[in-house]
Amino acid sequence: MGCNHDCASCSGNCNGGEIQKLILNDKSSIKCIIGVLSGKGGVGKSLVTSLAASKLAQLGYKVGVLDADITGPSMARTFGIKDKAWQKEGLILPYTTQKGIKVISSNMLLENDDDPILWRGSMISSLVSQFYKDVLWEELDVLLIDMPPGTGDVSLTTFQMIPLDGLVIVTTPQELVSMIVKKSINMAETMNIPLLGVVENMSYVVCPTCNESIYIYGNKDNQEYYGHPILGKIPFDGELTRLVDGGKVEDFNKDYVDELVNQIQGKMRE
Ligand code: ADP
């Protein structure tokens, strides 16, 4: 009774306690949804999301990016988005980048980029659900969701509400040895979401004089983590920082996320 399919803002306990998946607006269709998760903030989750989105767009796919990191959004800056979100016929219009990627991020709703979002978890989850079901995505081959960091309330609701086809975990070598990444893996396994693998960021540095790759954390040879493949190792790269800060991540063309993109393409073919 009175169900608006927005479990995030509802205290009801319908369907035997099982949270219902959100239903997308009838002007949009999405073939494949991949979540990008990290144990904590600052490890490069948004960077990997934006690099994968750019590569998939270069390959000719119709790509969307949903920035579900509502309190720490970075997609607007990464893609150089200055415009605010508009609405049309009751749906939110995403921003379309130079390469055709459709992006929605909470910064696009704020008057000033540095305004904080001081909301409780249920309000944040409610906005994530709106960003999924009420955005005019039109036809997408793949939607990448930049998940909120960690295994807290908002991540949990996002996992439960959005029909994810797969999940990628981004980590740094130091985080990998802690138990934080294992918690994210356990969460994905408990919720039966297929894990494509782990991307290790800030993995090494390349010596500017001799070009040698230096693995500061001694992580050169690890290829898997608790049975899940490491889908790529990304070095500290000043060019990345410059492009992200300048809102030009789509211009990056090194192969750092190629294996991840292969895996996403595999999921899209399933
Ligand atoms: P998260 O989404 O996990 O909070 P971000 O993707 O926003 O982290 O990355 C945090 C900051 O670190 C950003 O300014 C980003 O440009 C920078 N950064 C991330 N990975 C790298 C890297 N491999 N080389 C250089 N800068 C990086």
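Predicted model: local features only at pLDDT ≥ 70, side-chain atom pairs only at ≥ 80, totals over all residues.
View 1. The ligand has 18 residues around it, of which Gly42, Ser46, Leu47, Asn201 and Pro235 come nearest. Gly42 places a polar backbone atom 2.7 Å from an oxygen atom of the ligand. Asn201 is represented by a polar side-chain atom, which lies 2.8 Å from a nitrogen atom of the ligand. At Asp237, a polar backbone atom is 2.9 Å from a nitrogen atom of the ligand. The ligand taken alone exposes 560 Å², and the protein buries 83% of that area.

**View 2. A nonpolar patch on the surface that includes Phe236.** The patch is formed by Ile214, Ile216, Tyr217 and Phe236, which together have about 370 Å² of accessible area. Phe236 belongs to the loop that runs between strand 13 (228–233) and helix 7 (238–245). Because its relative accessibility is 40%, Phe236 counts as partly exposed.

**View 3. Ile162 and its contacts.** Ile162 is located in the loop between helix 4 (153–161) and strand 8 (166–171). With a relative accessible area of 0%, Ile162 is buried; the cut-off for this class is under 20%. When residues up to four places away in sequence are not counted, Ile162 touches Lys21, Leu22, Ile33, Val128, Tyr132 and Ile145. Ser129 is 33 residues from Ile162 in sequence, while the C-alpha to C-alpha separation of Ile162 and Ser129 is 7.8 Å.

Definitions and conventions. Residues numbered from 1 in each chain as written. Heavy atoms only, no water. Patch = residues over 30% accessible without salt bridge, like charges linked within 9 Å, V, L, I, M, F, W, Y side chains within 5 Å. Areas by Shrake-Rupley, 256 points an atom, 1.4 Å probe, with all protein chains shown as cover. Salt bridge = Lys/Arg side-chain N within 4 Å of Asp/Glu carboxyl O. Helix = DSSP H or I, 4+ residues; strand = E, 2+ residues; numbered from the N terminus. Buried < 20%, exposed > 50% of the residue type's maximum accessible area, 1.4 Å probe, protein only. Near = heavy atom within 4 Å. Polar contact = N/O pair within 3.5 Å; in protein donor to acceptor, adjacent residues only side chain to side chain. Contact = heavy atoms within 4.5 Å.
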